[in-house]
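Let's walk through this structure together, one piece at a time. Please keep the viewer open as you read.

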Amino acid sequence: MWAVSTVTMLVLAGILPDFRIQSADGESATRITVAAAVGAGGFGLLSALVWPILVRAFLLVPALVLGLLVFFLNGSLLLVVLRFNPSGRGEVAPETAVVVAAVMSAVASATGAALAVRDDDAYRRRLYRLADRRRTGELGEGGSSTPGTVFLQLDGVGHDVLLDAVGRGLMPTVAAWLGSGETEGERGRDSGRGRDGEREAERAGRPTHRLTLWRTDWSSQTGASQLGILHGSNHDIPAFRWYEKESREVMVCNRPTSAAELQRRAIERTGDGGLLTLDGASRGNLFSGGADQLALVLSVAARRGKENRSRAGYFAYFSDPANAVRTAMSFVADVGREIGESTRARLRKQRPRVKRGGLYPFIRAFATVVERDVVVAAVIGDMLAGRAAVYADLVAYDEVAHHSGPYSRDAEKVLGRLDRSLALIAKVAEHAPRAYRIVVLSDHGQSPGETFRARYGLALGELVRAGCGLPVPRKARRTHSGAEARATVRAALHRPVEEGGEQHRPSRRRSEPIVLASGNLGLVSFPDVPHRMSREEIDERHPALLSTLANHPGIGFVLVRSERHGGLVLGAHGVEIPVDELEENPGPLADFGPAAAAAVRRTHSFPHAADIMVNSAYEPQDGEVLAFEEQIGSHGGLGGAQGEAFLLSPLDLSPPCAEGAELIGAEQVHRVLRRWLREAAGPQIPLPARRDQRAA
């Protein structure tokens, strides 16, 4: 590695006019080479010793700022080395020093990784350092005799999107696991074959994994799905954001304070700490799952001081200067890529299209580069440390699909990069001290379609105000995007994740409704009424409101509470069906699939269901919905691919459900994952929640 850095420095000195290496007493090639070697060695030593300290200090500033400072910090270290080089004196302009240091770090990183792959011990040492997860002697020399399990969540990747990507060769790793695109593995065949048998099966074209479709709840979004998967309960999660009358606050799944409270409620309801309570790790998730090892976990991001271990993942990754440079360069490249793609869409007058300017290119790059790199490095460290269970969320596809579309060229490229991450993790599993089973799953899909505003010229909130007889503002405010990456970025920036319009404050006209959007699901609440209003109460106060909503062509159906019928689904042309009769007569729910009735009935039972629950129209022929947010790929309600997630599991594990049965709801997925952990004689769950988890 030293030799590579020396050669790189010599080459750069010959190319760049502002960078010169000169021996103190002559110009001989030997002395110049010695000066370069000393300089390269000094730069490497200083980076190894000083860089981790600098990164630890700069964790006190925003994580994104740290990425931008990478170049300047490396350049400063190089200037120091050249100034005090005892074998000669080098000259370099400050701006050139930044370029030289970046190139040297990138070349060293690429070469080191390539060489380390051929040396198991070196590779293992490197990845231990990156993840900062040394656990000397815990596993013994032979490691654990039972396999561990890695759960990798591809946020927002629907079942059909995965199949399409496999069929088109965009995800060769997944295709190999499925046996060159097979969607159903041979149940039970090759059971117990271990790592060598899996590699043999892949080379022979036989499937090593099975692909299962699972249907989400009505609230088809990460908050509801991941809470159910990790903690076994997503009870009373009606949407991505909703208003709670008793506290007069809006709960938002990707707000740290809300995530902590939702996790506390789930633990209290189930009585156990979560899926990862014993020797588990949670990486890049909204919730901890009861794990001790945390990185980029939103439910602990609101904590202050030593209790907030979530940002430790940044230190574990950025403590290696080569990784810091590579990620920073990839970050800049992705920002440029997004600007280019959005400009291309605008010039081609592509429809549907939403605005992608402002800070969005940086938010996208954080999700597709920084979050991915940090989470993947953390997972690799967990595997080489031999942890029993790891759950990680990769949000890149979800963020891009919201703004570019779930079937866009841009989203397809992200799927390819995610597949390479899966391949890297699978390769590292061969070097781990224990066998690992890799389970890949998603939390929901995405449904395409233009926005409600784009089609009808007004937002849902304006339609509600019109139905209430209230004045409608001429220029409506933009709705907030529900993309999970935004809250992660704001947490990384050490800024509060409270969205201005989501913290209700008393106004002069408290009878005005609060309208919130979660994809193509809308929630209407009247804050001055302490209970959930009934259909009769709403009609008495606003006689035209419910009919205005139910008869609008962009609305699929409306759910309200009725004093006479309990729950009542309203559709166009005066259709009214009690929720208890939806199986026999689905009415306006007929196009939303066979599981829609049960999902609506369950949500109606939630204590915090809104006064009025509004689901957009759905067009089955093209699978499109109308988002109430500024998204052309959305999820959060019923309709289309957003409710069809996937579960990709090794054939070594028992089938997720019986032949011919359907896997419905995140809570049922939790039970499947729990069963698989038991099959490996891993964490025996449920376990009582620790006191600090209950207080999360």
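**A charged patch, then a sheet**

Arg353 sits in the loop between α12 (321–347) and α13 (360–384); helices here are DSSP runs of H or I with at least four residues, strands are runs of E with at least two, and both are numbered from the N terminus. Before going further, note that this is a predicted model, in which local features need pLDDT of at least 70 and side-chain atom pairs count only at pLDDT 80 or more, while totals for chains, interfaces and linings use all residues. Residues are numbered from 1 along each chain as its sequence is written, and side-chain values use heavy atoms, with hydrogens and water left out.

Arg353 counts as partly exposed because its relative accessibility is 32%; buried means under 20% relative accessible area, exposed means over 50%, and partly exposed is what falls in between (1.4 Å probe, protein chains only). Together with Arg346, Lys349 and Arg351, Arg353 belongs to a patch of positive charge on the surface. Such a patch takes residues with over 30% relative accessible area and no salt bridge, joining like charges within 9 Å. A salt bridge, in turn, is a side-chain nitrogen of Lys or Arg within 4 Å of a carboxyl oxygen of Asp or Glu.

Now turn to the sheet. Eight strands form an open, mixed sheet in the order β8-β7-β9-β3-β10-β21-β4-β22, where two strands pair if DSSP finds at least two bridges between them. β8 (293–295) and β22 (663–664) are the edge strands, each with a single partner, so one side of each has no neighbour in the sheet.

Look next at β10 (residues 436–441), where six of six residues are buried. Tyr436, Ile438 and Val440 point one way from this strand, while Arg437, Val439 and Leu441 point the other way. β10 pairs in the parallel sense with β3 (residues 148–154) over six bridges, and the bridge partner of Gln153 is Leu441 in β10. With β21, β10 runs antiparallel and is joined by two bridges; here Val440 stands opposite Leu648.

From β21 (residues 644–650), seven bridges lead on to β4 (residues 209–215), again in an antiparallel arrangement. Arg210 has Ser649 of β21 as its bridge partner.

Finally, where does Gly643 lie? Its place is in the loop between β20 (633–634) and β21. Gly643 counts as buried because its relative accessible area is 17%. Although Gly643 and Trp214 are 429 residues apart along the chain, their C-alpha atoms are separated by 8.3 Å.

Terms used. Patches are made of residues with over 30% relative accessible area and no salt bridge: like charges are joined within 9 Å, nonpolar side chains (Val, Leu, Ile, Met, Phe, Trp, Tyr) within 5 Å. Accessible areas come from the Shrake-Rupley method with a 1.4 Å probe; for residues, only the protein chains shown count as cover. Lys and Arg count as positive and Asp and Glu as negative; His and the chain ends are not counted. The place of a charge is taken as NZ of Lys, CZ of Arg, CG of Asp or CD of Glu.
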